[in-house]
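Please keep the sequence and the model in view while reading.

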Amino acid sequence: MEFGNVKRHITPTIEIPTASLGDIVFLLLIFFLVTTSLNAEKGIGLTLPPPGEEVEVSSKNILNVYVNAAGKILVKGEIVELGNLEQVIRENISRNPRLIISLKTDKKAKYEYMVRTLDKIKLSGAKKISLAVPEF
Amino acid sequence: MKFKEKAKAEARIPTASVADIVFLLLIFFMVVTVFKQYQGLRVQLPAAKSTQKLEVKRNIVHLWIDRSNRINIDDVIVSMGEVYPVMYQKLQENPAVIVSLQVDKGAEYGYVAHVMEELKKANALRVNFATLSLSRGEG
């Protein structure tokens with residue numbers, strides 16, 4: 001009887017308190033909630049041509065799009081409004097699917113003008129886009 | 001009196017699974033979180049409708065150009081002449097890099113084109129013009 005009593009004594013219930021676990025996890029959750037910035041990298045992707053690689057392209061397969069320092073756009077000798085550019089390029093591509101759009105921007109032009117023109121060219125579905133390099 | 005006692009029904013919301021739910025959320029956020037690595041320069045990005053998300057997150061080199069023509073590559077201010085060696089070094093370490101150009105919309109295009117020429121020389125050919133997304137209805 002006495003022996004049994006002793007045995008009961010040396011088997012205590014070992015327990016790790018888990019009541020605060022939820023609080024700790026909540027704290028971590030709030031930390032990650034606050035620090036997470038879900039804004040991924042966004043933009044217009046383009047692959048530049050390797051330097052020094054010049055490919056002869058017949059001039060009828062090139063559509064030059066000029067942007068001047070004031071942001072005005074010239075296509076085939078005519079001023080095109082930004083809103084119409086997408087349509088104009090789309091028409092030209094449907095006539096010649098091998099058309100390369102060459103975007104020539106004045107070096108004094110703002111970057112914004114070039115991007116908004118490039119945006120329209122991208123929207124028109126053109127796959128072959130070339131950025132002409134101005135003299136600097 | 002007896003009637004009143006009966007109305008005291010026990011309403012308890014089981015909270016045993018809250019910890020599990022929170023754990024799930026925690027794991028989600030831990031996986032999704034990408035800490036902002038760089039301070040960069042203060043730039044106002046242009047907006048564009050054809051903005052697309054970049055599918056990769058790890059192989060990106062950030063290059064900032066601000067309105068006063070300062071260049072910053074991954075938080076190091078560099079001059080025009082240093083763009084090529086710095087980018088060349090980065091290409092040696094990781095040939096799959098994509099250069100994300102965070103250029104202020106007021107920057108001069110000639111300057112940006114010059115930087116792009118340097119990138120071409122360093123063989124960093126995959127570039128991404130960072131833009132803000134503009135929904136298709138606007139602008």
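**From a strand pair to the interface**

A:Ile101 stands opposite A:Ile129, a residue of β6(A). Here helices (H or I, at least four residues) and strands (E, at least two) are DSSP runs numbered from the N terminus. The model is a predicted one, in which local features need pLDDT of at least 70 and side-chain atom pairs count only at pLDDT 80 or more, whereas totals for chains, interfaces and linings use all residues. Residues are numbered from 1 along each chain as its sequence is written, and chains are lettered from A and ligands numbered from 1 in the order in which they are written.

Two strands are taken to pair if DSSP finds at least two bridges between them. This pairing forms part of an open sheet of five strands in chain A, with the order β4-β3-β2-β5-β6 and mixed pairing. At its edges stand β4 (78-80) and β6 (129-131) of chain A; each has a single partner strand, so one side of each is left without a neighbour in the sheet. From one strand to the next, the twist averages 30°, with axes being lines fitted to C-alpha atoms (for helices over the stretch in contact) and angles running from 0 to 180 degrees between N-to-C directions.

Chain A as a whole holds four helices and six strands, and its elements follow the order α-α-β-β-β-β-α-β-α-β from the N terminus. Of its 136 residues, 21% are buried. A residue is buried if 20 or more other C-beta atoms lie within 10 Å of its own, exposed if 12 or fewer, and partly exposed in between, with C-beta atoms placed from the backbone. Of the contacts in chain A between residues at least 6 apart in sequence, 76% join residues at least 24 apart; a contact requires C-beta atoms, placed from the backbone, within 7 Å.

Within chain A, the loop between β3 (73-75) and β4 contains A:Lys76. This residue is not a glycine, yet its phi is positive, at about 50°. A:Lys76 is classed as exposed because 11 other C-beta atoms lie within 10 Å.

Which strand of chain B pairs with β1 of chain A? Strand β1 (residues 42-47) of chain A pairs with β7(B) in the antiparallel sense, over five bridges. In this pairing, A:Gly45 stands opposite B:Asn128 of β7(B).

The contact between the chains involves 47 residues of chain B and 40 residues of chain A. On the side of chain B that touches chain A, two or more residues come from each of α2 (18-32), β2 (52-53), β6 (98-103), α4 (109-121) and β7 (126-130) of chain B. The largest share, ten residues, is given by α4(B). The residues on this side of chain B comprise 25 nonpolar, eleven polar and eleven charged, where Ala, Val, Leu, Ile, Met, Phe, Trp, Tyr, Cys and Pro count as nonpolar, Asp, Glu, Lys and Arg as charged, and the others, Gly among them, as polar.

One residue on the chain A side is A:Thr36, found in the loop between α2 (21-35) and β1 of chain A. Not counting residues up to four places away in sequence, A:Thr36 touches B:Phe29, B:Val32 and B:Thr33. A:Thr36 is partly exposed, since 15 other C-beta atoms lie within 10 Å.

Technical notes. Contact = placed C-beta atoms within 7 Å.
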